[in-house]
Amino acid sequence: MGFFSFIVLGVIVVAAFVVIGIYNRLVGLRQNVRQGKADIDAQLRQRHDLIPNLVETVKGYAGHEASTLEAVIEARNTAQKGNPDSGSEKGLRVALDNLLALGEAYPDLKASSNFQELQRELADVEDKLAAARRALNAAVAQFNTAREAFPAVMFASAFGFQQADFNTLDDSERGTVDQVPQIGF
């Protein structure tokens, strides 16, 4: 009876270590998903922070384009409120495209080094945002795979690990993201 007790105790200890290992791995992967979401938020904030400088630069050359400038500021303010949703970000993207298009109508604005630098910074932020979205989706895939793999699938829900959502486009964005943005220097 003593030997059997040691075997049962050994199995329980090994099982406990396996469950602890699964839990710790899922915690780490969930943190990667949270970090990915925070990185996207940071890039969106950086884009929002560039807009006032871009608007001020355009005002100097095309101040009478008040409706375009107001639309950009309003779209930025809407996008900054609360959690970023794709609808408000799409509105901001459209308003920014209209603002950047003014560069074509005003050659002095297009030639402005400040305007060109802000366009480069905006393009850089957009690239970083796309990379952050890809990184988030990779982290989500890794987390969801680990969560659904055996033996973690037996414990994940009980420990509160819910499936993470991928960063996807909503219906308002489909058909616009596959178009090449019109940014001219």
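Where is H48 found? H48 is found in helix α1. The views below place this residue and others in a predicted model, where local features need pLDDT of at least 70, side-chain atom pairs count only at pLDDT 80 or more, and totals for chains, interfaces and linings use all residues. Residues are numbered from 1 along each chain as its sequence is written, and side-chain values use heavy atoms, with hydrogens and water left out.

**View 1. The fold as a whole.**
The protein has 5 helices and 0 strands. Helices (H or I, at least four residues) and strands (E, at least two) are DSSP runs, numbered from the N terminus. Along the sequence the pattern reads α-α-α-α-α. Of the 185 residues, 30% count as buried. Buried means under 20% relative accessible area, exposed over 50%, and partly exposed in between (1.4 Å probe, protein chains only). The accessible surface comes to about 11,100 Å², and 57% of it belongs to carbon and sulfur atoms. Accessible areas come from the Shrake-Rupley method with a 1.4 Å probe; for residues, only the protein chains shown count as cover. Among contacts between residues at least 6 apart in sequence, 74% join residues at least 24 apart. A contact means heavy atoms within 4.5 Å.

H48 is buried, with a relative accessible area of 3%. Which residues is H48 in contact with, leaving aside its neighbours within four places in sequence? They are R76, A79, Q80, E89 and L92.

**View 2. The R47–E89 salt bridge.**
R47 forms a salt bridge with E89. The closest N and O atoms are 3.0 Å apart. R47 lies in helix α1 (residues 2-62) and E89 in helix α3 (residues 86-105), so the pair ties together parts that are 42 residues apart in sequence. A salt bridge is a side-chain nitrogen of Lys or Arg within 4 Å of a carboxyl oxygen of Asp or Glu. By this rule the count comes to 6 salt bridges. R47 counts as buried, at 3% relative accessibility. E89 is also buried, with a relative accessible area of 6%.

The side chains of E126 and R93 meet in a salt bridge of 3.0 Å, N to O. This pair links distant parts of the chain: E126 sits in helix α5 (residues 113-148) and R93 in helix α3, 33 residues apart. Is E126 buried or partly exposed? E126 counts as partly exposed, at 22% relative accessibility. A network of salt bridges links R47, E89, R93, D97 and E126.

D124 and K128 form a salt bridge, with the closest N and O atoms 3.3 Å apart. The two residues are 4 apart in helix α5, so about one helical turn separates them. D124 is partly exposed, with a relative accessible area of 36%. K128 is partly exposed too, at 38%.

At 1.5 Å a residue, the 36 residues of α5 should span 52 Å. The expected span of a helix is 1.5 Å times one less than its number of residues. The end C-alpha atoms of α5 are 52 Å apart, which agrees. At the start of α5, a side-chain oxygen of S112 reaches to within 3.3 Å of the backbone nitrogen of N114. Q119 lies in this helix, α5. Q119 is buried, with a relative accessible area of 0%. The C-alpha atoms of Q119 and L54 are separated by 8.1 Å, although the two residues are 65 apart along the chain.

**View 3. R147, buried without a salt bridge.**
R147 has its place in helix α5. R147 is buried yet has no salt bridge. The nearest side chain of opposite charge, E148, is 4.3 Å away. Lys and Arg count as positive and Asp and Glu as negative; His and the chain ends are not counted. Which side chain does a polar contact of 3.4 Å join to that of R147? The partner is S157. A polar contact is a pair of N or O atoms within 3.5 Å; within protein, one must be able to donate a hydrogen and the other to accept it, and residues adjacent in sequence count only if both atoms are side-chain atoms. Not counting residues up to four places away in sequence, R147 touches L26, A152, V153, A156, S157, F161, Q162 and Q163.

P151 is found in the segment after α5. The peptide bond from F150 to P151 is cis, with omega near 10°. In general, most peptide bonds are trans.
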